[in-house]
Structure formats: structure tokens, C-alpha cells
Amino acid sequence: MVDLRRRHFITLFGGATIAWPLAARAQQASMPVIGWLGSGSPGPSAPLVTVFRQGLAEAGYVEGRNVAIEYRWAEGQYDRLPALAAELVRNQVAVIVASPIPAALAAKAATATIPIVFSAAADPVNLGLVGSLARPGGNATGVNFFQAELSAKQLGLLRELRPNAARIGVLVNPANAKVEGLTKDVIAAAAALGIEVEIVHARDSPEIEEAFAALVHNKPSALLVGADSFFFNRRVQLATLAARHAIPAVFFNREFAEAGGRMSYGSSLSETNRHLGIYTGRILKGAKPDELPVVQSTKFEFVINLPTAKALGLEIPPMLLASADEVIE
């Protein structure tokens, strides 16, 4: 009788040990899944993913606990984005987070039903991502972080740094969907300041080297690096080349200055990605994209890397230093 009771206990215990993993797997399978569609690469984008998770946590979701994330990265090869977006759609993710514009456009083309939360560095209405900022309509909403509209400010900072600058190089990625608009904005802003512009192109790492070789040969007074996620991935290479060839440059995000770039002016990508996380969480809780107005980023950061400037032999005007949000010593 004792042996029978013991055998019965062992059977129940053994059954429980089998059931627990099955229950855990079932719980994991029932988690909502976020599809992350990134134009860039996982390593350079890691800080932005971290703040996205922070925003997601503010909305009540923690990766691995009550939500899962499938990551797809184009590694700066924008022609890969349509296939990656289609893969996320086939996997029936609950929401697609697409950043920045090339990924957002690919996601929008891939689905009209799965909610999309995007980050856009240009007007999302003109891009066809939403019907209006206040009432997006359709299946997409997100954050507009105004990179494309900042060319005039960036050129003005270069003019303060180099008052006699007559010609400035502008590096853009021809594979970027917004390159034409960015180029027009820069040319118009430069004309208003009486500055000649030299446009150089780069869509991969070797072409960045070639672009700097051309800049060194043509000797512009300074360099403006146009907003682009591939350039963000290559920020160490760009900052290093600008320093090596003693070209005063302005970049479009603080991360460039942190990587050794001379100075940067642009929207806060940390704040942008935090908002992406918050909106994604709200959609997972049942909000519809057309109920969530596009967030207009209002946090801009001007950062100066003082050691880099000194290494280039550049004297920073006191007024420029005083206007900086941060000076890296």
C-alpha cells in the first residue's frame, strides 16, 4: 500500500515537471510579438534599442516577460528592407516598429493592416506615411524628428566656426529616399548665407573613403554630413576621417560628437526612440494608430567635442561654446 501511494506521488510529480515547461512555452507563445525593422545595424543602434525598451517599459511591457521582439536589420542596404518587412508581415507580428524613413516606407508598402510605429526625419505627410499629423489615418503613426529641416541651423554653426567659409562640402547617401529633398534644402540654405556647396555621395564604406579623398583634393572650408541611418552606423569612420584630414564638420546627432566628431546639431534620437516605445505599448494595449497623433520632436541638442576641436587647431568662438547644450571635455 505504501509503495502504491509512493508510485502515485511520483507519477503526479513527474507529470507536473513535464507540464511546467509546456505551460511556460504556451505563455511565451501567447505573448504579443513586436517586429523591429531597422535600416541600420544592431551594434551601432544598440543604444537606441535600449531607450526604445525603456519607453516600452513605461507603457507596461518588458521584452521576454510579457512581450517578444523579432529584429530585422538592413545593415544600411536599403534594398533589403522590402523583403525584411514582408517577412515580419508573414510572421503576423502584432505591430511593426520601423526606423527611420527607408524602413518606414518599406513597412507601409508591405501591409495596410498591421499597425506601424515609425520614426521619420522628414514630413511623414509628404512621404505618404500618414494623412495628417493630427489624424494619421490608416495603420501608421510615429515620431517626426525634423532632421531634414535642420540644414540651415547646421550651416549657420559652420559659418560661426569658419566666418570666411566660401564653400562647404555636403555628404549625402544617394540610396536614401529623402536625399533629393535634403540636397535642395542644403543648397537653398547655403545660398541664403552666400556659401557655395559641393555635394559628394557615399552609399557604402569604400565610397565614404572616396568622398573624403575628393574633399581633401577640392579643399572645402568645412563639411556637413546629411542625416542618414547608414551614416549613423558609420559614425566612427566619418568622425575619424574628418579628424584625420582636419576637415571641420557638423553632424546630425550627438552620437557623432561622442564618437569623436567635431560638433553635432540635431534632434535627440534617445527621446525619439523612447516615444516609439511608448506608442508601441499603447498600440499593444488596444489603441489604434489613427487615434495617436504623430509626435513632433521638440528636443534638439548642440554638442561640441572640445578635444577634437583642439586637435584640429580650431579656436571655438566663446559665443558658440556658450550656446552648446553640452561640451565634451
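**View 1. Helix α11 and its buried residues.** L269, T272, N273, L276, G277, I278, Y279, T280, G281, I283 and L284 are the buried residues of α11. Buried means under 20% relative accessible area, exposed over 50%, and partly exposed in between (1.4 Å probe, protein chains only). The model is predicted: local features need pLDDT of at least 70, side-chain atom pairs count only at pLDDT 80 or more, and totals for chains, interfaces and linings use all residues. Residues are numbered from 1 along each chain as its sequence is written, and side-chain values use heavy atoms, with hydrogens and water left out. Helices (H or I, at least four residues) and strands (E, at least two) are DSSP runs, numbered from the N terminus. Helix α11 has 16 residues. From first C-alpha to last, α11 reaches 22 Å, close to the 22 Å expected at 1.5 Å a residue. That expected span is 1.5 Å times one less than the number of residues in the helix. Just after α11, G286 takes a positive phi of about 120 degrees.

View 2. F52 is found in helix α2 (residues 42–58). Its relative accessibility is 0%, so F52 counts as buried. Contact means heavy atoms within 4.5 Å. Leaving out residues up to four places away in sequence, F52 touches I34, W36, I69, V97, N273, L276, G277 and T280. F52 and L276 are 224 residues apart along the chain, yet their C-alpha atoms are separated by 6.2 Å.

**View 3. Salt bridge between R274 and E271.** A salt bridge is a side-chain nitrogen of Lys or Arg within 4 Å of a carboxyl oxygen of Asp or Glu. The structure holds 11 salt bridges. In this one, the side chains of R274 and E271 meet at 3.1 Å, N to O. The two residues are 3 apart in helix α11 (residues 269–284), so about one helical turn separates them. R274 is partly exposed at 26% relative accessibility. E271 is also partly exposed, with a relative accessible area of 24%.

**View 4. R254, E258 and their network.** Salt bridges that share partners join R254, E258, E301 and E326 into one network. E258 is partly exposed at 47% relative accessibility. R254 is buried, with a relative accessible area of 16%.

**View 5. Salt bridge between K184 and E180.** The side chains of K184 and E180 meet at 3.4 Å, N to O. They sit 4 residues apart in helix α6 (residues 179–193), so about one helical turn lies between them. K184 is exposed, with a relative accessible area of 54%. E180 is exposed at 55%.

**View 6. The nonpolar cores.** A nonpolar core is a set of buried Ala, Val, Leu, Ile, Met, Phe, Trp, Tyr and Cys residues joined through side-chain atoms within 4.5 Å. The largest has 49 residues. L37, I96, L171, F212, F231 and L238 have the most contacts inside it. Helix α4 (residues 101–110) gives this core its largest share, 5 residues. Apart from it lies another core, of 28 residues, among them L161, I168, V170 and L314. In soluble globular proteins, nonpolar side chains tend to be buried together.

**View 7. The surroundings of F231.** F231 touches L171, V172, N173, A202, I208, V225, G226, L238, F252 and F256, not counting residues up to four places away in sequence.
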